[in-house]
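Please read it with the coordinates open beside you.

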Amino acid sequence: MITDRQPRSFLEPAVLSRLAGVPLLARKAMVGNVSGRHTSPHRGSSVEFAEYRKYVPGDDLRRLDWRAFGRSDRFYVKEYEADTNLRLCLVLDTSGSMNFSAEGRLSKIDYARRICAGLGYLASQQGDAVGISCVADGIVKTLPPRRSPAHLRLVFDILEEAKPAGPTRLPEVLHELAETIRQRALVVIVSDLFVEPAVLASSFGHLRFRHHDVAVFHLLDPLEIGFKFQRPTRFLDMEGGGSIFADPVDIADRYHQAVNRYLEAMKKVALESGIDYGRVLTDESYEQVLARFLVGRAAGSGLR
Amino acid sequence: MTFLQPLMLAALPLVSLPIIIHLINQRRFQTVQWAAMMFLLSARAMSRGYSRLRNWLIMAMRMLAVAAVIFAIGRPLSRGWLALAGGARPDTAIVVLDRSPSMQQRSAAAADTKLDTGRRQLVESLATLGASRCVLVTDPAVKPLELASPAALADLPAAGPAAVPADLPLLLQAAYDYVKENAAGATEVWICSDQRSNDWAPENGAWGGIRDAFTKLPQQVRFQLLSFREPAEGNMAVRVTDTKLEKRGDIRALVVTVAATRQEDGERVVLPVTFEIGGVSSTVQLELTGREAVLKNHVIPLDRAAGSRGWGKVSIPADANIADNEFYFVFDEPVARKTVVVAEDPAARRWLALLAEIPPEKDQRSAAEAVAPEAFVTTALDETALVLWQGQFPAGRDAEALTAFLARGGQVVFFPPDVPTETTFAGLTWRSWANHPQPVKPVSWRTDQDLLSNTLAGGALPVGEVQVFRSCAFAGDHVPLASLPEAAPLLARVADTAGGVYVCTTTPNGRDSALASEGVVLYAIVQRAIDRGVAVLGKSRQVDAGPAAEVLTAKGIEWSRLAGPADVLSTEIGRHAGVFAADDRLVAVNRPAEEDAGRIAADDRIDGLFRDLSYTRLTGTAGSTDSLVQEIWRAFLIAMVLALIVEGLLCLPKSAGAERSPFEGLRPVEAAA
């Protein structure tokens, strides 16, 4: 049981306890080092029969199927599925744009903290290893996945200390992570994805190529979609770019067109890359978002 | 376009209010920290296309709405959509009304005449314009009439139809005099006319003076010509050109020559011409194929009991213009055609007397008295129709006697003396003789009117055949009737004198010209001059309405009306057609012959008369019920409402579906794998 001396602002025990009923499952076979809840590509000692294999000298005689020998006069070894644990790599975008909040809603970074903390907690609870990488124009901070509950506390510390600043270089960072994360892992990216979808596609492809299971929480503030401004406005770039002066009445149409085009392209990239992509508006309850995510994964799990 | 409240137009800069508000709004910007810059950048990179156009349209509609409100408050007036002359409410409105017979033309569709329509439109316009003073000018001889209100124009007898042609130059001169004398403020002169050449006389030299005078006036004078120039379709006019009393056995008969004219060629028609004499009417069918048909010497037997003097009326059925469908005439025993020949040169005297003595008709009596200039003073001129004078211009008592003779309508033809002196008569002075080494012949002469006009049959007099060996120049205002080469006159009429004063620049003497040997021309001159003189001598007279009819207004004679419109004021007598009697005298008043000609002055000629002046020509139609001037603020309010509706439609947000589209698919999507 993890006990924090100070309550973390992004942890809500009630929410976590409600979510604990649904397991966090990988959609792909994971390679863990201990037994766990997730399917493994290897044969192991679970109760679930997998296949027969010819006996070779050295095999444990206890696993010979004597009934099969009796029927066919040949030695067969009975194999069972292996269950293993998973490595959950949380990728948190801490670029300047994540600091955006409007109309009293949670900022995107706060929302992302809650999602990461919830997933980390749930994974840790089922014995999975949890690690985190904060990324902006590079990997700002990283913590490799570990199984120990004490490690989760370090993860929460990093979440707490994460400060959104600087521009986004998400595609490059994802390429780097794809190379550095050892073995198969569940990579959960929480970001506003303000980069060209076409560029992201190659990063996702890279992660998939490395057999990682990729899930993306695409965070957007409703104001960023609706663009409901009345007065002429000077927009200052939160990632340190210049400013743009625009009359919303004049530009809203084209803004909406650009947003639509972007969202369509992102959806297409997600489908083509085969990643678990979900758009999240920050006015939604994060509990629902997480529940939907977990349930969705449970339904599609079990593939090896 | 004119405005009743032009000061309100000072608010027109308010039209820029939407732009100013827009600029202020632009300056009231807010600054926000923004994450999704990539969408803004790509939105800016997109073409603005329709959005930009829409913004411009919205701005234009707002400005239009403000402008429409300001114009509506300015109370705009429409004066026909084409007349966009600016100006405000006039101080004085002068109405110059052409009430000549041609203005009584009706259109085929309506019962109103041009004059009625013009008067009604003027009343409406003036009431709308609200001029503080309204003045009517219809007759140069009458002082301009100040009207209590424009409505008085509708039923004022002085603005009603008349038989007098309108002399527009004189009327405008009267208008000018009024403006000058009364120091009127901003003046608007409304001219209502049908642009007849004989009324406007565009070639009249007085126009230049009138134009200059108006240009020099310190106050603003605007001219509005309400023109009813549509031609009278199928209109016919009837006129009696000659009446003679003849005795055929013991029956007296009236021989009448009637001419029916129309203004354009048309189909052959048979016109019933009705004669009415002494309450007895008779009708004759007259066939009209071209423009004119003449019923020559129609004989109407007279009642035995009736006296030798009488009057009658000839009429044709009503048509587009009823004012020229009737003609009054009077008849009487022919008076003796007496001529006094005064000549220095015995040869000339003999020739002139001979030509004057030969009557043109067999039953006429002609007499000529030839006297030397010295004996002229003893000659009685009472019953003389013509004086033929060859010699120095009369002076002293001779001149007085001759002036009196002219004043009562007598005719004089002057021929040059052998030795010209400086004596002056009626502004005329003989200069010197010019010998022509080669005989010269007249190169041009007036065939349309006066002594040398074409014969009734239409043929020209052989004026061009007359050889002139020498001619004597003279000084004085004149209108040439026949001209020798180099514009030297052969025969001229002296302008602006009572009666008729003619000057012939050569004599019938064979050494001066072939006038006597080629006697036809001189005979025609003499006999036509006698005709003119005789016309005023008899007890019965045929006069044109207008100045010629002033015999009716002479003091001491009480005229009674025998025929003609009954509702004519005594002051208007002589301006309407009719027959009048006093003692044993009879006078028939009719419209002048030019009224029947129907020539219309071209628009550009008329416009040219007003060049350099503020002038607008409005075209009216007889019987039209439209107003010339009307307030059109409603149109501007409607324009404002329309502009606001269009602006509202343009400002409407996109449809709800389009609004929702950015949120579409914002729920998590199933992963492909």
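Predicted model: local features only at pLDDT ≥ 70, side-chain atom pairs only at ≥ 80, totals over all residues.

1. I begin inside chain A, with A:Ile115, which, leaving aside its neighbours within four places in sequence, is in contact with A:Val190, A:Phe217, A:Tyr286, A:Val289 and A:Leu290; two residues count as in contact if their C-beta atoms, placed from the backbone, lie within 7 Å.

2. Residues are numbered from 1 along each chain as its sequence is written, and chains are lettered from A and ligands numbered from 1 in the order in which they are written.

3. Chain A as a whole contains 9 helices and 10 strands, where helices (H or I, at least four residues) and strands (E, at least two) are DSSP runs numbered from the N terminus. Of its 304 residues, 43% are buried, a residue being buried if 20 or more other C-beta atoms lie within 10 Å of its own, exposed if 12 or fewer, and partly exposed in between, with C-beta atoms placed from the backbone. Among the contacts in chain A with a separation of 6 or more, 79% are between residues 24 or more positions apart.

4. The sheet of chain A is open and has 6 strands in the order S5-S4-S3-S6-S7-S10, with mixed pairing; two strands pair if DSSP finds at least two bridges between them. Its edge strands, each pairing on one side only, are S5 (139–146) and S10 (276–281) of chain A. The twist averages 15° from one strand to the next. Within the chain, strand S6 (residues 186–191) and strand S7 (residues 213–220) of chain A run parallel and are joined by 6 bridges, and A:Leu186 has A:Asp213 in S7(A) as its bridge partner.

5. Where the chains meet, 43 residues of chain A are in contact with 31 residues of chain B. The elements giving two or more residues to the side of chain A that touches chain B are helix H7 (222–226), strand S8 (233–237), strand S9 (243–246), helix H8 (248–273) and S10 of chain A. H8(A) gives the most to that side, with 15 residues.

6. In chain B, helix H6 (residues 168–182) has 15 residues and should span 21 Å at 1.5 Å a residue, which agrees with the 21 Å between its end C-alpha atoms; the expected span is 1.5 Å times one less than the number of residues. Its buried residues include B:Leu168, B:Leu172, B:Tyr176 and B:Val179. The buried residues of H6(B) pack against several elements of chain B, among them strand S4 (92–97), strand S7 (187–193) and helix H8 (206–216). Just after H6(B), B:Ala183 takes a positive phi of about 45°.

7. Strand S14 (residues 310–315) of chain B has 5 of its 6 residues buried, so it is largely enclosed by the rest of the structure. S14(B) runs antiparallel to strand S11 (residues 269–277) of chain B, to which 4 bridges join it, and B:Ile277 stands opposite B:Gly312. With strand S15 (residues 326–331) of chain B, S14(B) pairs in the antiparallel sense over 6 bridges.

8. Chain B also has an open sheet of 8 strands with mixed pairing, in the order S17-S16-S18-S19-S26-S25-S24-S22. Its edge strands are S17 (366–371) and S22 (444–445) of chain B.

Definitions and conventions: Axes fitted to C-alpha atoms, helices over the stretch in contact; angles between N-to-C directions.
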